[in-house]
Amino acid sequence: MSEDTIGAIATPPGKGGVAIVRISGKEALPIAEKMFIPAGGVAVRDFSPYRLYPGRIAAEGFSDYGLCVYFRAPHSYTGEDIVEFQCHGGESVARGILAKCFSLGARSAGRGEFTRRAFLNGKLSLASAEGLADMINGESEAEVRAGYLLYSEKLTEQVREFQNQLKELLAGVDAAVDYPEEDLEEREAEALRPELVRIRDAVSALAAGYAKGRKIKSGVTVALCGKPNTGKSSLLNRLVGYEKAIVSEIAGTTRDAVEGTLEIGGVRFNLYDTAGMRESSDRIESIGIERAENIVRAADVVVFVSDGTEKGDDEEARVRRLAGEKPVIRLRNKIDLQEGELSSEADVLTSATTGEGVERLKELLYEKSFGARGEDAAFLIEERHFRALRRAAESLGRAAEGCCVQPLELVAADMTEAWETLGEITGETASEAVVEEIFSKFCVGK
Ligand code: GDP
């Protein structure tokens, strides 16, 4: 347990109804005793934990009337004694109270230091701490949901299960290596191989969830493609709900990629309007076209927009080639201008002018990205975790291949490597630099 007591304002900067000042460490309660006068005569040292007590909070130069709560170690967020003061939500009020805590022996907490202490005291795993940061920084409902799953140790539980299975197998290997005179080693290797393949496949299957998790964390990238003047900018504006892209009747005005963001089913979608992909001798337009092609390559979903009033479109083949395996939504726009039979050669028919078909387009964007509604539950949203799982799967693959071919000691070395790589996720084997980097992304009061 850390020696010093740390303090910070836990609520965001700015004015509000209430602000919270938090101190954690051995001196938390003695400091509270010196600066909090409870109403009703209960002494601070006799406080029942987890109960709010009203009273006068001394600050540097003034005092406030507020509430005090004591969380007793080890049943607190950090695992240490914690005291929180709830004061009036002026920044100066909270700062004055914090300054008083400092004058009584606490020191200023670093970024994420409360959570770091919680991690060091075994209150949560490293992955869980990262989930918490994802929740706090989450920009969409789905990201907050995913962050919560990660914070609730969903990933850690699975990773620890793999680690336990490996540990058990390693114990068997050790025993076989210790008695080389029997044919134990050979039999052990034969039995070991399918087990290693099974764990390797399970780790790989878990890693595969990142395809979904990445889209939840960073948002789904959508490229709007099609010839100039088909209504891509107008559609983007319709989707996003405000005038973002420049709309013009002159073909080729959307020269650069314009981004707009919207939420569908709680997931963030980042839209890129692209210049048309026709050949052009105009240098600036050519650059725009190159950008457009790069956007299609990087996109998760491509929407190919064509003008419903025109026949056939030779750009589609080009966009499809660029899109490769990615889902392409074929959209025919300007249906308000179309007379007679509507073309069925499209996944969705829209009018950017009237808004018709735009809701269906949103549904399609979601379906092509995640399948049915509600299929976006994920907790593998951190690239760090994904990479570690992939490296662990590689080590396990090597171990499985080595079985029956290599001495068991070498197989065991690959298994140990896999175990350690998995430990980077939970934090057991994470380097100091990695831990440092993760907590540096937190705010000071967390
Ligand atoms: P982009 O070059 O593909 O981005 O096309 P724009 O969004 O700039 O639209 C080109 C022109 O078509 C503009 O004059 C729009 O107002 C018009 N337009 C776009 N969508 C529709 C639509 O659904 N119906 C009608 N009637 N006009 C549209």
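Predicted model: local features only at pLDDT ≥ 70, side-chain atom pairs only at ≥ 80, totals over all residues.
Start with the record. An unreviewed UniProt entry puts a "binding site" annotation on R22, E84, K123 and K446.

R22 first. R22 sits in strand 2, residues 18–24. Is R22 buried or exposed? Its relative accessible area is 10%, so R22 is buried. Now its contacts, leaving aside neighbours within four places in sequence. R22 touches I6, G7, A8, A10, Y77, I82, V83, E84, F114, G445 and K446.

Next, E84. E84 lies in strand 6, residues 82–88. Relative accessibility is 11%, so E84 also counts as buried. Beyond four places in sequence, E84 contacts I20, V21, R22, L67, C68, V69 and F71.

S233 belongs to helix 9, residues 232–240. At 7% relative accessibility, S233 is buried.

Now the helix pair. Helix 4 spans residues 126–137, and helix 15 spans residues 432–440. Their axes are 10 Å apart, at an angle of about 25 degrees. Under 35 degrees counts as roughly parallel, so helix 4 and helix 15 are roughly parallel to each other. Their crossing is left-handed.

Which residues meet? From helix 4, L126, A129 and E130; from helix 15, V435, I438 and F439. By class, that contact has 5 nonpolar residues, 1 charged and no polar.

Conventions:
Residues numbered from 1 in each chain as written. Heavy atoms only, no water. Axes fitted to C-alpha atoms, helices over the stretch in contact; angles between N-to-C directions. Helix = DSSP H or I, 4+ residues; strand = E, 2+ residues; numbered from the N terminus. Parallel < 35°, antiparallel > 145°, perpendicular 65-115°, else oblique. Left-handed = near helix turned anticlockwise from the far one by under 90°. Contact = heavy atoms within 4.5 Å. Nonpolar A, V, L, I, M, F, W, Y, C, P; charged D, E, K, R; others polar. Buried < 20%, exposed > 50% of the residue type's maximum accessible area, 1.4 Å probe, protein only. UniProt positions renumbered as here; feature names shortened; annotations may be inferred.
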